[in-house]
Amino acid sequence: MKTICLYFEIHQITHLKRYRFFDIGTDHYYYDDYENERTIDDIAARSYMPALSALLDMIRQNDRAFRVAFSISGVGMEQLELHAPEVLEKLQELNDTGCVEFLAEPYSHGLSSLINEETFKNDVRKQVAKMKEYFSQTPKVLRNSSLIYSNDIGLIAARMGFKGMITEGAKQVLGWKSPHYVYSCATAPALKLLLRDVTLSDDVSLRFNNSEWEGFPLFADTYMQRIADLPEEDQVINIFMELSALGIAQPLSSNILEFLKALPDCARQRGITFSTPTEICLRSPSVASLDVPDNISWVDEERDVSSFLGNSMQREAFRQLYSVADRVRIARDPRISQDWDYLQATNNFRFMGTKPTGIAIDRGIYSSPFDAFTNYMNILGDFINRVNNLYPEEIDNDQLNGLLTTIKNQGDEIEMKNREIERLQTKLRKMQTATAPKTRVGAKAAKTAKSKTVKTKPTADKAGDSTSAD
């Protein structure tokens, strides 16, 4: 029986403000608050809220047979917390249905998987903790930024305990193979791989409202029949896209949500079900390992990482940023860590891209890739100075790590001794409390005895006086 794995990404960039060379060392706040609030309000109203409401209706109207998955970057959640908490409330409402899965991904939506394993793992763990906090789910499937994947990244994911990863069904990897099977990582066979069907996904997210496309207009029954007509052996159809495709890339006036709402009924008529990534990983065996020696992604025609690291400006910014990765991780300064998350986001590197693409890039405040590079490097210069000023630069990372470990151990020892002191003080108070009542009883007895003695003396005197009188 064929099953559809429908997955949406939610990520919101933190826009950087215009930052000039002379601001370095004097201004440590890098963000355009007005633009951040404006864009998140816009996307929440035009896309996130109506799309999530439609998905919730689909679950309820189909007796919980409809299932869907999301991944949310940590930096995106921070923007939603600040400017559009109603989106998070709607996601929690979806979560309460039991038909939604939340995936793991790097908190920063960054590129650390390409250069620094420890930073990447910490980034993922941080986002996983966020998912558990909000939705009480511990993700079992990992989705890297922009679906970036390679054998090495798969090995890291497997060692972190993930059951599967989702990535792109790139032609240079699949060749003649179909994306409609479950594969496994070449370097970690226990890790399942779910591959995005590029055509079926992009027909909805990129081409749905294109009147010049040969498939226009696209109807739900036509779309589902294409899936039903796939070879019988093609059992897993992975349709992955950004949630903003519903309402932004494809405006609501195109009837994109009506198309979406009709899918479950059209699927049921053809014996097609919906499943979450973990459900597929647990019940579907891998048909073969998939060798991915070079990095792939879901971006542009090449499906690689050239959109982020394709020119010398991008590579220099990437090198400079991650030159302090270990120092940032070791330092654990809250303000530095927050800026670090925002500066890692892939969008910052894509704004510097010079390669021609079929999709227009909205560079925001930047007039050109060089303008984006210059502004980012000014900010990065100030950020690196702040990182290096936390501790003397002559101390290398290993020495710094050892020093901070010693300080932490000493702190732990002091805390342990403080707990022991509190325990002994509590024990002493209990002993004092236990002996205090006995002391009060003894005092009362002594007072009673004294009282009796005082009363006896006058009686004796009176008796003596009486005898004398006789």
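Reader: Why is helix 2 (residues 74–83) called largely enclosed by the rest of the structure?

Author: Buried means under 20% relative accessible area, exposed over 50%, partly exposed in between (1.4 Å probe, protein chains only). Seven of the ten residues of helix 2 are buried, so helix 2 is largely enclosed. They are Gly74, Val75, Gly76, Met77, Glu78, Gln79 and Leu80. This is a predicted model, in which local features need pLDDT of at least 70, side-chain atom pairs count only at pLDDT 80 or more, and totals for chains, interfaces and linings use all residues. Residues are numbered from 1 along each chain as its sequence is written, and side-chain values use heavy atoms, with hydrogens and water left out.

Reader: What do the buried residues of helix 2 pack against?

Author: With contact meaning heavy atoms within 4.5 Å, the partners include strand 1 (3–10), helix 1 and helix 14 (334–344). Helices (H or I, at least four residues) and strands (E, at least two) are DSSP runs, numbered from the N terminus.

Reader: Why are helix 1 and helix 9 called roughly parallel?

Author: Angles run from 0 to 180 degrees between N-to-C directions, along axes fitted to C-alpha atoms, for helices over the stretch in contact. Under 35 degrees counts as roughly parallel, over 145 as roughly antiparallel, 65 to 115 as roughly perpendicular and the rest as oblique. Helix 1 (residues 33–61) and helix 9 (residues 256–269) pack at about 20°, with axes 10 Å apart; they are therefore roughly parallel. Helix 1 contributes Pro50, Ala51, Ala54, Leu55, Asp57 and Met58 to the contact, and helix 9 contributes Leu257, Leu260, Lys261 and Pro264.
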